[in-house]
Amino acid sequence: MDEVDVIAEVTETYRPKTGGIHPREAAQHHAMFAAPVLGDLLAEARTHGIEPADIDAVAFSQGPGLGACLRTVATASRMMALSLDVPLVGVNHCIAHIEVGRWKTPASDPVVLYVSGANSQVLAYRAGRYRVFGETLDIGVGNALDKFARNAGLKHPGGPKVEAYARDATGYVEMPYVVKGMDFSFSGLSTAASDALAKASIEDVCYSFQEHVFAMLVEVTERALAHTGKDEVLLAGGVGANMRLREMLDIMCDDRGASFYVPERRFMGDNGSMIAYLGLLMFNAGITIPIESSHVNPNFRPDDVDVTWITDER
Ligand code: FE2
């Protein structure tokens, strides 16, 4: 592939006024901003000499995610593909995180730790697919942090506030450490952290909660490295902004002689460029989707996707 670049990116993020994300409100937000965002995007592209007629394909996230939000954006994407008379490419959101990380860091064949509000997975490429080596059995890490933060009276998003409190801790509180095989579970741990607030300071609880959650993630990532024999770790997803998680992964990788990669922040959390970039890889590999079969799948698994754009033996 010749030079690839992000020409224009326009973002409009839904932020709940109170509590966590309300799926219907989030979908209404998407519906309200789809047209203005596309308008601004095309206007920005035009300042770089790119006209709508230059667009070869339209990529959108087919899943996983909140059904109402996925459907809203899928509708806008179909409309755009039809009006431009170009093919549609339906991408898997998790794989988009991986591919943008492979593009934006030197990682080529990594074990990936993908941690966000709704998702927590350890993935790696093997024999034509991104395999899920371990994943959450209930909620994502971000949701576990948010749920606890809400109980502690902290505003959404809770992760950065928990991280800030944890830096001032002076003690450690024992909590459940829930790794089952290669999978992990966070909802009981989140409840235990909320309960611990009755007998320990918020600083100590935030610190202990982080240490438990991140140690679980790092343990499974390390075992995936050992199992696959790979020597790179790539961190993806919004929770990857947490410096303590990065530090723990860095120490583990150092001990194993593996390289640890983190993309710059704008390509780490959810972003339009990652969807467009995976769309480009798939489009170049000849993968497009007819409008009539472009339904979304809120439970779309990364290991359901044939990764035909990777052609070298691994
Ligand atoms: Fe994500």
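Across the interface of domain 1 and domain 2 in this predicted model, four residue pairs are found in polar contact, both partners having pLDDT 80 or more. On the side of domain 1 that touches domain 2, the residues comprise five nonpolar, two polar and four charged. One salt bridge spans the interface of the two domains. A salt bridge is also formed by Glu-135 and Arg-301, whose closest N and O atoms are 3.0 Å apart.

The domain assignment of the protein chain places residues 23-96 + 268-304 in domain 1 and residues 106-262 in domain 2. A distance of 29 Å separates the C-alpha centres of domain 1 and domain 2. Contact between them involves eleven residues of domain 1 and 17 residues of domain 2. The extent of an interface is often expressed as the accessible area lost when the parts come together. For domain 1 and domain 2, about 930 Å² is buried between them, with 58% of this area on carbon and sulfur atoms. Within domain 1, the residues that lose the most area to domain 2 are Met-268, Pro-302 and Asp-303, which together account for 54% of what that side buries.

The model also contains an iron ion, whose protein donors are His-93 (NE2), His-97 (NE2), Tyr-114 (OH) and Asp-270 (OD). These donors lie 2.1 to 2.3 Å from the iron ion. Along the chain, the donors follow the spacing H-x3-H-x16-Y-x155-D. The angles among the four donor atoms range from 84 to 179°, and the site of the iron ion is irregular. A tetrahedral assignment is excluded because all angles would have to lie between 85 and 135 degrees.

Terms used:
Residues numbered from 1 in each chain as written. Predicted model: local features only at pLDDT ≥ 70, side-chain atom pairs only at ≥ 80, totals over all residues. Heavy atoms only, no water. Domains from an automatic or database assignment. Contact = heavy atoms within 4.5 Å. Buried area = accessible area lost by both parts, 1.4 Å probe. Salt bridge = Lys/Arg side-chain N within 4 Å of Asp/Glu carboxyl O. Polar contact = N/O pair within 3.5 Å; in protein donor to acceptor, adjacent residues only side chain to side chain. Nonpolar A, V, L, I, M, F, W, Y, C, P; charged D, E, K, R; others polar. Donors = N, O, S within 2.8 Å, 3.2 Å for Na, K, Ca; no water. Tetrahedral: all angles 85-135°; square planar, octahedral: opposite > 155°, others 65-115°.
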